[in-house]
Amino acid sequence: ERNGKPRTYLGMAWRRLRRNKLAMIGLGIMILMIIIALCAGLISEYITGKALSDQSLRTNYMGIGEGGYILGSDDLGRDTLTRLVYGARVSLGVAGLSVVVALTVGTVVGTFAGYYGKWVDSVLMRFVDIMLSIPTLFLLLLVATLWRMGPWKLALVIAAVAWVTLSRLVRGEVMSVKSRDYVDAARVVGVGNTRILFRHILPNVAPVIIVWASLVAPGLILTEATLSFLGLGVQPPTPSWGNMLTSA
């Protein structure tokens, strides 16, 4: 307890995070990027004064600060800053949705494989082995060339190949946790599998899941940018950081 109040796991984690200056700086930058993405409409209206679709061939390739363009203009005379903040919505949204879907699928597969074991573990892990044997980028390129994808479909496709590493991590942690004394004690008093999973196992696996999500999110942003840069991801005129680099 602290000051008469019981300590919670999230409370202790937050106190440890606040002591790490670099972590707090990183958290601040991430929050700032999200706020900028959410306020893209306000930035377009009150700061740049230009809409996402405004274009003029007479003012194309303007430099920084020229002609009222804060960050210059592109080949069609569109404001770079406006497209940059709107592109943040797409790139961060694709990465965020990919992380959520991959986290959900990977956690479910890894938990079932690690907790139930036997044939369930064998079937699920052999499927994971198959997924791991396929080069991720080449698989994404193949899918992207066969189907034209919008931002949300692209996020689901990226998530479909991103969950496999998490499932192995979760499986290993679940196998370790389920053999501990407090889990055995819960079984002895008649606690069901569902309560054991949600009350005793998943809270102890959560740190691994959180670390994985924080490490993989930047990689998924780069994956979306790579596909869009190659013309196989988000297609113009919808801006994303990847397709903006194509004509940079």
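Start by selecting helix H3, residues 40-48, which gives the most to a nonpolar surface patch, with three residues. (Helices here are DSSP runs of H or I with at least four residues, numbered from the N terminus.) You are looking at a predicted model, where local features need pLDDT of at least 70, side-chain atom pairs count only at pLDDT 80 or more, and totals for chains, interfaces and linings use all residues. Residues are numbered from 1 along each chain as its sequence is written, and side-chain values use heavy atoms, leaving out hydrogens and water.

Click on Leu71 next, in the loop between H3 and helix H4 (80-116). At 35% relative accessibility, Leu71 is partly exposed (between 20% and 50%; under 20% is buried).

Then move to Phe127 in helix H5 (residues 118-133) and Trp163 in the loop between helix H7 (151-162) and helix H8 (164-177), 36 residues apart. Their ring centres are 6.1 Å apart and their planes at 20°, so the pair is stacked (centres within 6.5 Å, planes under 30 degrees apart). Phe127 is partly exposed at 43%, while Trp163 is buried at 7%.

Finish with Phe112, Tyr115 and Tyr116, which form one aromatic cluster.

Notes. Rings of Phe, Tyr and Trp (its six-membered ring) pair if their centres lie within 6.5 Å; planes under 30 degrees apart count as stacked, over 60 as edge-to-face and the rest as tilted. Helices (H or I, at least four residues) and strands (E, at least two) are DSSP runs, numbered from the N terminus. Buried means under 20% relative accessible area, exposed over 50%, partly exposed in between (1.4 Å probe, protein chains only).
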